[in-house]
Amino acid sequence: MLPTVKTIIYASDITEGSRPAFRMAVEQAVKHSARIVFLHAIQPLSTEADEMVHDYLLSQAQFNHTQQLMDQYRNKIQQRISAFMDSEIPADIQLAGAPEIEVEIGQPDQVIVKVARERQADLIVMGDRGGSAASRIFLGSTTQKVIHQTDIPVLIVPLRD
């Protein structure tokens with residue numbers, strides 16, 4: 001049995017198939033009268049893309065341009081998440097508070113663990129698509145990486161593609 005749950009981090013890649021995991025986060029939030037932080041991590045630019053941008057732009061101009069692009073992307077993601085939550089939370093469900101939206105730039109596993117610690121989360125809810133055994137051995141999955149980096153309980157919801 002879980003200890004008192006006040007804050008739930010729902011980590012999502014915001015794909016269509018992630019709805020069951022969000023529903024589970026809402027169910028847990030209602031059950032525990034907890035708040036939900038809907039977290040999405042934006043992958044940073046790849047090293048190759050970053051080097052290409054650096055080659056063509058001055059460093060300050062590069063920083064400003066990259067920051068502008070990421071801010072625009074973050075705003076679009078926040079709007080998409082807000083619309084998603086409006087469509088997924090039934091009117092008869094009463095949450096302890098409106099879910100918060102947080103969009104961070106970084107490697108997803110590292111962002112999830114960092115935000116969960118900062119927010120003093122009591123539970124992390126994530127979906128997992130399974131993947132093949134070989135891909136997990138060689139590449140790992142975000143879910144597995146999070147489990148190995150945190151002592152916060154992680155609720156994994158199986159997803160289908």
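Modeller: Let's start with Tyr 10, which stands opposite Val 125 in strand 4 (residues 123-128). Strands here are DSSP runs of E with at least two residues, helices are runs of H or I with at least four, and both are numbered from the N terminus. Please keep in mind that this is a predicted model: local features need pLDDT of at least 70, side-chain atom pairs count only at pLDDT 80 or more, and totals for chains, interfaces and linings use all residues. Residues are numbered from 1 along each chain as its sequence is written, and side-chain values use heavy atoms, with hydrogens and water left out.

Strand 1 (residues 7-11) is the place I'd look. On pLDDT, the predictor's confidence in each residue from 0 to 100, strand 1 has the highest mean among the elements of the chain at 97, while helix 5 (residues 133-138) has the lowest at 55. The chain as a whole averages 83, with 80% of its residues scoring at least 70.

Strand 1 has a partner in strand 4, with 4 bridges joining the two in parallel; strands count as paired if DSSP finds at least two bridges between them.

Is strand 1 open to the outside or enclosed? The strand is largely enclosed by the rest of the structure because 5 of its 5 residues are buried. Buried means under 20% relative accessible area, exposed over 50%, and partly exposed in between, using a 1.4 Å probe and protein chains only. In a regular strand the side chains alternate between the two faces of the sheet. Here, Thr 7, Ile 9 and Ala 11 point one way, and Ile 8 and Tyr 10 point the other.

Now follow Tyr 10 across to Phe 38. Phe 38 counts as buried because its relative accessibility is 1%. Setting aside residues up to four places away in sequence, Phe 38 touches several residues, among them Tyr 10, Phe 22, Phe 84 and Glu 102; contact means heavy atoms within 4.5 Å. Tyr 10, Phe 22, Phe 38 and Phe 84 also form one aromatic cluster. Rings of Phe, Tyr and Trp (its six-membered ring) pair if their centres lie within 6.5 Å, with planes under 30 degrees apart called stacked, over 60 edge-to-face and the rest tilted. By that rule there are 5 aromatic pairs.

Glu 102, one of the contacts of Phe 38, is found in strand 3 (residues 100-105). Glu 102 counts as buried because its relative accessible area is 11%. Its side chain makes a polar contact with the side chain of Arg 119 at 2.5 Å. Such a contact is a pair of N or O atoms within 3.5 Å; within protein, one must be able to donate a hydrogen and the other to accept it, and residues adjacent in sequence count only if both atoms are side-chain atoms. Beyond its neighbours within four places in sequence, Glu 102 is in contact with Val 37, Phe 38, Leu 39, His 40, Val 115 and Arg 119.

Val 115 leads us to helix 4 (residues 108-118), whose buried residues include Val 111, Ile 112 and Val 115. What covers the buried residues of this helix includes strand 1, which brings us back to where we began, along with strand 2, strand 3, strand 4 and helix 6 (142-149).
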